[in-house]
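Colleague: I'm new to reading models like this one. Could you walk me through some of the terms?

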Amino acid sequence: MSFPLRSILLVLLSSTLAPMLPAQSSGPASQLTFNRDIAPIVFRSCSTCHRPGEAAPFSLLNYSDVKKHARQIADVVRSRTMPPWLPEPQELKFADELRLSDADMNRIVTWVEQGAVEGAPADLPPAPRFVQGWRLGQPDLVLKAEKPLILPPEGTDTYWNFIFRLPIQQTKWVKAVEIRPGDKQYVHHANILVDRAHASRQRETDPGAGFGGMEIRIESQGFDPDSHLLFWKPGTIPYVEPEGMALRLDKGTDLVLNTHLQPSGKPEVIQPSIGLYFTDHPATKLPMLLQLENDLKLDIPPGEKDFLVTDDFTLPVDVDLMAIYPHAHYLGKDIQAQATFPDGTKKTLIHIPQWNLNWQAVYRYAEPVMLPRGTTISLRFSYDNSDANPMNPNHPPLRVKGGNRSTDEMCHLWLQVLPVNFDAANGDPRMVLQEALARHNVEKNPADFEAHYNLGAMLQARGNLDAALVEYQAAVKLRPDDATGNNALGAALVQGGHPAQAVSYLQAALKARADYFDAHYNLGFALAQQDDFAGAVEQFQAALRLQPQDAAVEANLGAALAEMGRYADARAHFQHALLLDPTQPIAKENLEALKEMNPR
Amino acid sequence: MRRAKFCINSMWLGTVLAVLCGLATAQQALDLEGHAVNPFAAASGKPVILIFLRRDCPVSGRYAPVIQKISNEYANRATFWLVYPDKTDSPQEIRKSVADYGYHLPVLRDPEHALVKLSRVQITPEVAVFDRDRQLIYDGRIDDWYIDLSRARPAPTTHELRDAITAATAARTTLAQKEVRGVGCYISDVE
């Protein structure tokens with residue numbers, strides 16, 4: 001019995017001890033030198049960020065740079081603070097892994113302990129060459145934030161969102177996005193969100209200046225799920241999407257850059273740019289972002305050291321898992337996700353034993369991970385709300401719940417998946433996935449407003465209007481004063497041919513948010529359907545004040561005016577609608593009708 | 001050199017000689033014009049606070065507003081100096097850095113680490129607090145804001161520099177800890 005045990009022990013010992021000895025050494029006393037032993041590691045693992053213009057605070061490009069920080073480097077590689085890489089090693093490999101091997105780590109530590117000797121010039125490998133400026137060459141379109149943010153010298157971390165208004169006139173396909181966050185030393189990470197309906201603009205008090213906030217939600221119209229993780233952190237090499245997986249950007253789309261900024265001790269001017277690289281090839285493969293979460297279970301008593309939150313979702317279709325992005329705030333401790341395959345085998349998708357919000361990242365798999373239908377993805381996040389967690393925003397600790405502020409907590413796991421092996425006849429597999437996920441969320445938390453709302457939206461998009469109405473009604477019951485919920489229920493009732501029932505919900509939406517374009521538009525529509533054209537005109541005019549360039553509103557306003565007999569006014573609005581969008585069908589048709597009525 | 005060595009070995013000499021010794025080595029610190037400066041001479045009996053910074057140390061940078069707040073608050077009761085121990089920093093580079101961070105404090109270069117040795121500091125940013133009798137009563141971190149190089153608390157929970165200044169300006173000195181190492185960049189890396 002003891003023999004196999006001992007042999008296992010021996011294997012373990014040799015695997016941990018072997019790296020202690022430098023590769024070229026004949027014994028532990030051999031002298032390591034920068035030029036021969038250390039430069040290759042530094043050039044590969046440090047210099048990418050530690051060079052002028054990049055995110056790291058000082059350069060590590062040659063012996064004297066490294067010597068000036070030698071003990072510090074030994075400390076941070078030993079503690080694995082540097083290079084920054086949070087996940088534990090695992091079977092499913094990530095692309096661009098920054099983690100140092102044990103052997104390299106030990107070489108650096110030994111070299112510093114031995115006195116950080118330079119060595120023979122002949123041993124020095126060629127200096128690394130870096131692409132200056134845009135990493136992927138000159139982008140097809142460069143956008144710069146309209147107004148800079150002046151980051152104050154002190155205070156807590158700042159979360160700021162810059163809105164980029166795309167100046168494109170027709171749909172473009174994007175194969176890569178390069179984020180240049182401004183002065184990289186002060187930007188911890190940045191994330192692009194695609195805002196197809198100008199949902200973020202209303203949050204800017206000064207147009208072009210952006211707005212604060214750590215977590216932002218963007219409403220979308222119809223089923224158009226986010227599909228790409230557009231993320232920057234120090235050292236990120238821009239990611240070129242695989243063939244056929246381009247990101248669609250339409251005229252009028254906004255890109256919102258969500259940045260996490262850290263004061264430096266002096267005022268800093270932050271004015272990010274983004275570079276877009278287009279392709280002629282429209283998307284043929286449609287990935288989507290799946291979100292596992294359980295924020296409603298986040299109710300962490302003060303002093304609790306190990307508060308566990310889980311979520312388990314079983315896939316209704318086969319997918320290729322491309323990338324994973326876990327997200328928690330300052331109480332996050334041990335972050336894990338696991339896949340349990342239909343045959344019962346388990347694989348770790350990611351394990352971060354010591355979460356650090358400052359180094360959060362999107363992790364892409366080196367190869368897509370095939371997860372067949374019936375695979376259960378499990379999230380297990382633990383949280384430390386005790387004083388032993390030095391990152392705790394509250395001292396002494398307070399009860400913490402889920403929420404969007406940095407002092408609230410979060411439990412999110414984003415997965416970029418590409419549905420595969422599906423039968424297109426059964427509909428868009430992304431809809432199947434999204435509906436299953438929405439249903440899962442409703443079952444998980446029946447009192448979750450968003451879950452009901454999202455399931456309603458999904459059912460509506462799939463044409464199941466009666467079921468959608470049930471979910472919207474449940475949502476509005478949970479939050480009777482919510483603008484979005486009331487508007488969705490009202491819109492669904494209009495769509496279902498119940499304009500009279502819709503009015504009170506749309507009015508409730510406008511009571512909650514007076515400048516709600518969609519609700520004005522929908523209410524105008526509902527009133528027009530009940531022949532209240534004066535009321536409709538009023539609503540369409542209100543909508544137009546909010547979005548003066550909207551051709552559809554112009555056309556509807558014209559139609560309501562025409563119904564009231566105000567033909568001249570109607571004609572002017574139809575013409576303006578066609579000026580904005582020469583293909584606007586209602587305006588076109590009605591203008592023709594007006595001409596026939598009055599050939600002049 | 002001999003004098004410095006003598007200092008370290010002279011365990012029995014007591015306060016007076018130790019102070020003399022401190023003065024002698026301190027004279028090797030230079031102002032940005034290159035003149036030798038004794039930071040204790042101009043203190044006119046007030047406590048002296050030496051604040052050690054590295055230009056290339058991001059933690060040093062982030063502490064600038066904290067350092068300015070504390071030095072403003074105690075400006076009448078103590079004398080503050082910024083000390084740059086990296087001998088490869090030129091006076092021009094230091095001048096620019098001081099202006100960027102908006103400091104209004106006198107600046108010393110300490111290329112031979114005379115003040116570093118006198119102050120026993122090891123990291124930037126760390127401080128040394130000398131009382132009216134020029135006794136080193138505290139050396140180390142400003143507060144516990146940083147946990148390690150990748151993590152800082154939302155706000156510090158201890159305030160060693162303030163406590164030490166209070167102790168140095170009070171009649172009786174009662175400090176819990178005379179030395180608490182900081183988080184930042186090693187001074188020995190720029191020897």
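What follows is a short talk about a helix pair and a chain contact.

Modeller: Gladly! This is a predicted model, where local features need pLDDT of at least 70, side-chain atom pairs count only at pLDDT 80 or more, and totals for chains, interfaces and linings use all residues. Residues are numbered from 1 along each chain as its sequence is written, while chains are lettered from A and ligands numbered from 1 in the order in which they are written.

Colleague: Why are α11(A) and α12(A) called roughly antiparallel?

Modeller: Helix α11 (residues 517-529) of chain A and helix α12 (residues 533-546) of chain A pack at about 160 degrees, with axes 8 Å apart. Axes are lines fitted to C-alpha atoms, for helices over the stretch in contact, and angles run from 0 to 180 degrees between N-to-C directions. Angles over 145 degrees count as roughly antiparallel, so α11(A) is roughly antiparallel to α12(A).

Colleague: What makes the contact of α11(A) with α12(A), by residue kind?

Modeller: Its residues divide into 11 nonpolar, 4 polar and no charged. Ala, Val, Leu, Ile, Met, Phe, Trp, Tyr, Cys and Pro count as nonpolar, Asp, Glu, Lys and Arg as charged, and the others, Gly among them, as polar. Among the residues are F517(A) and L523(A) of α11(A), and F533(A) and G535(A) of α12(A).

Colleague: How many residues does each chain give to the contact of chain B with chain A?

Modeller: Chain B gives 23 residues and chain A 24, where contact means that C-beta atoms, placed from the backbone, lie within 7 Å. On the side of chain B, 11 are nonpolar, 5 polar and 7 charged.

Terms used. Helix = DSSP H or I, 4+ residues; strand = E, 2+ residues; numbered from the N terminus. Parallel < 35°, antiparallel > 145°, perpendicular 65-115°, else oblique. Contact = placed C-beta atoms within 7 Å.
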